[in-house]
Amino acid sequence: MKIGVHPNNLHLRLARLWPGAFVDLQPIFISYAEGRDTAALLESGDIDLGGTGSTPPIEADMRGLGVEYVAASAPRPANGAVFVRRGSPIGSVAELKGRRISLIDGSFHTYLLARSLEGEGLSLPDVERVESGARDSLADLLEGRVDAWVAMSPRLEKALERDDVRLIVRCGAAIPNRSLFWTLERNGLSAEEIRSIVSELSRIGVEITADPRAAARLLASGDRGGSGDRGGSGDRGRTDIDAWEKVVRSRDFTVFPIDDEIIAEQQEEADTLLRHGHFSKPIVLKRRETTR
């Protein structure tokens with residue numbers, strides 16, 4: 001099985017490094033740049049399974065690709081936030097009207113921003129969305145090229161430690177912010193394969209939670225090409241591990257099979273983004289029972 005891994009899905013990022021992960025499925029881990037590429041890679045057959053935030057699979061269904069949801073994480077209320085500069089006159093979401101906001105558009109950032117604005121009687125067209133891509137959005141914020149920044153882990157945790165930026169809204173106040181693990185119906189995963197994926201994601205999640213330091217070491221080692229905290233990494237190695245451990249401890253790695261509640265959450269997001277003009281047509285999401 002070809003399992004896609006991009007930097008912002010820590011569960012699959014760790015699975016690639018975790019001893020014995022997905023061994024029954026003979027995994028081939030395929031690295032790629034970001035979650036918004038997942039649908040295209042599934043469509044082309046370059047991967048069989050991917051993991052993203054809640055928005056990319058809805059975008060894929062809007063394109064008529066026939067998404068099949070496989071599993072979902074627990075809500076991750078800490079893994080997203082909106083920041084402004086410390087000295088900014090912006091004191092609340094209501095004051096974002098007419099402002100330039102840096103985000104990865106078409107990811108969960110868009111939904112977080114939409115729901116946050118909606119709570120203040122605003123909508124996405126009331127702000128200017130600035131695509132951040134791989135740029136350093138923190139620098140854009142501090143240097144005044146944007147007025148606000150939608151951040152996620154691991155940059156979020158680092159931003160929270162700074163005294164030159166200020167938090168105005170956190171994910172948990174607006175959206176569930178789950179990770180979704182999904183494929184396309186055309187890829188034909190069997191019921192047995194889907195059960196095995198859910199079981200492995202769950203097992204790895206339990207082990208990560210039981211030993212977050214080990215998970216942090218793997219993430220830090222991966223960032224430095226396998227150096228870990230051995231042989232010359234010194235203080236930097238320990239600092240990297242400590243930083244990753246904070247990220248790992250901040251989230252719930254529990255994984256569930258797809259159920260009606262999760263599909264209802266996805267439907268609510270699709271309806272919200274339609275109201276905000278991000279989508280041009282409605283869609284009805286259904287739980288696809290796997291009987292193969």
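A residue counts as buried when its relative accessible area is under 20%. Arginine 178, at 8% relative accessibility, therefore counts as buried. Keep in mind that this is a predicted model.

**Arginine 178 and its partner**
- The side chain of arginine 178 meets that of glutamate 261 in a salt bridge, at 3.9 Å from N to O.
- Glutamate 261 sits in helix α10 and arginine 178 in the loop between β9 and β10, so the pair ties together parts that are 83 residues apart in sequence.

**Other salt bridges**
- The count comes to 18 salt bridges.
- Glutamate 128 pairs with arginine 100 at 2.7 Å, N to O; these two lie in strands β7 and β6, so their bridge links parts 28 residues apart in sequence.
- Glutamate 128 is partly exposed at 39% relative accessibility, and arginine 100 is partly exposed at 31%.
- Lysine 246, in helix α9, and glutamate 161, in the loop between α6 and β9, tie together parts that are 85 residues apart in sequence. Their salt bridge is 2.8 Å, N to O.
- Lysine 246 is partly exposed at 49%, while glutamate 161 is exposed at 56%.

**Where α3 meets α10**
- The axes of helix α3 (residues 55-62) and helix α10 (residues 260-275) come within 10 Å and cross at roughly 70°, so the two are roughly perpendicular.
- The crossing is right-handed.
- Thr55, Pro57 and Ile58 of α3 touch Gln266, Glu269, Ala270 and Leu273 of α10. That contact splits into 4 nonpolar, 2 polar and 1 charged residues.

Notes
Residues numbered from 1 in each chain as written. Predicted model: local features only at pLDDT ≥ 70, side-chain atom pairs only at ≥ 80, totals over all residues. Heavy atoms only, no water. Axes fitted to C-alpha atoms, helices over the stretch in contact; angles between N-to-C directions. Helix = DSSP H or I, 4+ residues; strand = E, 2+ residues; numbered from the N terminus. Parallel < 35°, antiparallel > 145°, perpendicular 65-115°, else oblique. Left-handed = near helix turned anticlockwise from the far one by under 90°. Contact = heavy atoms within 4.5 Å. Nonpolar A, V, L, I, M, F, W, Y, C, P; charged D, E, K, R; others polar. Salt bridge = Lys/Arg side-chain N within 4 Å of Asp/Glu carboxyl O. Buried < 20%, exposed > 50% of the residue type's maximum accessible area, 1.4 Å probe, protein only.
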